[in-house]
Amino acid sequence: MKLHTASETISFAKKLENESAKFYKDLSQKYGKEEDAFLSFGEENRKNIAQTERAYYGVITDAIEGCFAFDVETDEYTFETELADKANYADALSRAIEIEEKIIKFYSDAAEQSSSLMADVPRAFKMIAKKRRNREEKLRALLEK
Amino acid sequence: MALLEEPIKEVKVIKNYIDGEWVESKGEVVDVVNPATCQTIAKVPISTKEEIDAAVEAAKAAFPDWRRTTPLARSRILFRLKELLEENFEEVSRIQTQEHGKTIDESRGETRRGIENVEVACGIPSLMQGYYSEDIATGIDEWVIPTPLGVFGIIGPFNFPFMIPLWSAPYAVATGNCVVIKPSSEVPNSQTRLAELADEAGFPPGVWNVVHGGRTVVNGMLDHPDIEGIAFVGSTPTAKNVIYPRCGATGKRVIAQGGAKNFMVIMPDTNMRATIPALMTSFFGNAGQRCLSGANLLIVGEDDGFYNTFMDAVTATASGIIIGYGLDEAVQMGPVHDIEKKERILGYIESGLKQGAKLRLDGRKNIKITGDYPETCFLGPTIFEDAAPDMKIGSEEIFGPVMSVMRAKNLTEAIEICNASTYANAHAIFTSSGSHAKEFQYNVVSGNVGINIGIVAPMAFFPFSGMKDSFFGILHTQGKEAVRFFTESKVIIQRWL
């Protein structure tokens, strides 16, 4: 499915954040040794939603291209959050890294598409992509531990 | 994506808001129709002369106390209104989509623009400070105090039901005046909700009044001796032939913003990737129903290769625009407001064909509406080629999603074409050259000028300008000019004997 408007792109970003937050909440319950880290990821997701909405609702005006700023193919960024019954801790971390890669790509692509059109929104997307790159590194470190 | 929930769920008869009370009108009521669904969502009264007189009387009675309320106290009520608008941002936005038809992104944009005017007016303790000269002659001082005048009438159009009255009302009340707002009877719900929030914010009775209706209310405002001035936004014929002269005849201050025929000038050095979305927003956003919309696309240069490549991209993007009900987040263009407006636009398309322009994209045919909605008010993006400035489609305001494409040999000729228009609201240039931008900005006659901006909408702290047949008056809405409009300069010269 293609997204073109700012409203549906922001809603899609929110969906990605909520789904990945639920994934980390599940991990925190399943793998108690990294509970704090996983819970902090979920909390960061909540802040990402707030940051995105603040940027969007703060700058959306009829002077910018709210209905024509994006060309997002959602299939490229969707991910599976359910783990197989026999999945182990390493499998879970690998899945988390896959999820982060998809979400980083979404924010980066959406920022690129809307740069110079949507004022503060692409900036917010870039900042969140950066935060998620840091998260991805943390996950890789956990995997190698 | 899901359809967002409609905020208006039952059909109610809208009331006037006079002297802090919700008052049922004695006038006849007419239906307010959602243009996407064609369903009646409210009934609005066509108020009587007695009702507009009662509102003016209430405003006049409230003025002395409101004037004495300190600017700081007035600004605190405006701060409260701003907070309430933020809290109800989404509801207010969806009401606009439901009654006007614009997309949810466009409605949120309108809400944000409206709130920004409230925010600017919150700074009234600084904005309405006067100035002082000590010793204009030895021992004599002189100063200016901006003072409020009394009651102002604010008349809004259908295309921005929430925002446009907020270009004026916050400044009017912040400076100590009282207002009577007449929203368009086609879209009365937004101003009704705004008045509810103004009431909750704590404006004293009579300071903020809303009277719904039509000509009787407008005439009642224009003729009323206790109305000091009018801020009007609407069509040029009404601004030029009714509002402006009538205010002159009755000694009222006036802001009369009219229509437009904006040229979007495309230089061959433009950044095509960013320009195309800007043009889609400009020509087809709000279904072309705004005075800042692009109307004529003027492509500069004799390079047919550039022209063809550019027009292929414009046409391909326009033909892919998703049309439907604006509460569907995926929709990029909603319907025009009503069948009469659609018929008028269709008439212009016919006239374009008769006068020799060629349809590159015909919005009348094969309209693909997302969702199950009647085609009644929907129209697709339409693009004419071989249009000329002297054709009706090139010179008159269509107020619909129609792009008329023309060519100019060079920038000088392009500017001459822009300047020959009787309108001068918001011409824009798209270029990568600072030199071209500077030449255009300096020489074009236009109240608002865009450089790589398709909708030249001034922020709340700048005036919303306009020239020639797009504006009648001197001072404009928004920002410092609005503060000047709503105050008189009282000059005091003092000597102690």
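A crossing of two helices is called left-handed if the near helix is turned anticlockwise from the far one by less than a right angle, and right-handed if clockwise.

Before the details, a word on conventions. What we have is a predicted model, in which local features need pLDDT of at least 70 and side-chain atom pairs count only at pLDDT 80 or more, while totals for chains, interfaces and linings use all residues. Residues are numbered from 1 along each chain as its sequence is written, chains are lettered from A and ligands numbered from 1 in the order in which they are written, and side-chain values use heavy atoms, with hydrogens and water left out. Helices (H or I, at least four residues) and strands (E, at least two) are DSSP runs, numbered from the N terminus.

Let me start with the helix pairs. In chain A, the axes of helix H1 (residues 6-30) and helix H4 (residues 120-144) come within 13 Å and cross at roughly 20 degrees, where axes are lines fitted to C-alpha atoms, for helices over the stretch in contact, and angles run from 0 to 180 degrees between N-to-C directions. H1(A) and H4(A) are therefore roughly parallel, a term used for angles under 35 degrees, with those over 145 counting as roughly antiparallel. The crossing of H1(A) over H4(A) is a left-handed one. On the H1(A) side, the residues that meet H4(A) include Ile10(A), Glu17(A) and Tyr24(A), and among their counterparts in H4(A) are Phe125(A), Arg132(A) and Leu139(A); contact here means heavy atoms within 4.5 Å.

H3(B) contributes Glu91(B), Val92(B), Ile95(B), Gln96(B) and Glu99(B) to the contact, and H7(B) contributes Asn189(B), Ser190(B), Arg193(B) and Leu197(B).

Turning to the sheets, I take two strands as paired if DSSP finds at least two bridges between them. Seven-stranded and open, the sheet I would draw your attention to in chain B has 7 strands in the order S16-S18-S19-S14-S13-S21-S22, with mixed pairing. Its edges are strand S16 (358-361) and strand S22 (448-451), each of which pairs on one side only, and neighbouring strands are turned by 25 degrees against each other on average, direction ignored. Within chain B, strand S18 (residues 382-385) and strand S19 (residues 402-408) run parallel and are joined by 3 bridges, with Thr382(B) standing opposite Val402(B). Helix H12(B) packs on this sheet, touching S16, S18 and S19 of chain B, and its direction makes about 20 degrees with that of S18(B).

H12(B) spans residues 339-354 and holds Ser351(B). Is Ser351(B) buried or exposed? With a relative accessible area of 11%, Ser351(B) is buried, given that buried means under 20% relative accessible area, exposed over 50% and partly exposed in between (1.4 Å probe, protein chains only). Beyond its neighbours within four places in sequence, Ser351(B) is in contact with Lys392(B) and Ile393(B).

Elsewhere in chain B, strand S8 (residues 151-155) is largely enclosed by the rest of the structure, because 5 of its 5 residues are buried. Val151(B), Gly153(B) and Ile155(B) point one way from S8(B), whereas Phe152(B) and Ile154(B) point the other way. S8(B) runs parallel to strand S9 (residues 178-182) of chain B, to which 5 bridges join it, and Gly153(B) has Val180(B) as its bridge partner there.

As for the interior, a nonpolar core is a set of buried Ala, Val, Leu, Ile, Met, Phe, Trp, Tyr and Cys residues joined through side-chain atoms within 4.5 Å. The largest one has 77 residues, of which Val265(B) and Leu297(B) touch the most other members. Apart from it lies another core, of 70 residues, which includes Ala169(B), Tyr171(B), Met221(B) and Phe486(B).

Finally, two backbone details deserve a look. Neither residue is a glycine, yet Cys38(B) has a positive phi of about 65 degrees, and Asp135(B) one of about 60 degrees. Cys38(B) sits in the loop between S4 and S5 of chain B and is partly exposed at 31% relative accessible area, while Asp135(B) belongs to strand S6 (residues 131-137) of chain B and, at 45%, also counts as partly exposed.

Notes: Parallel < 35°, antiparallel > 145°, perpendicular 65-115°, else oblique.
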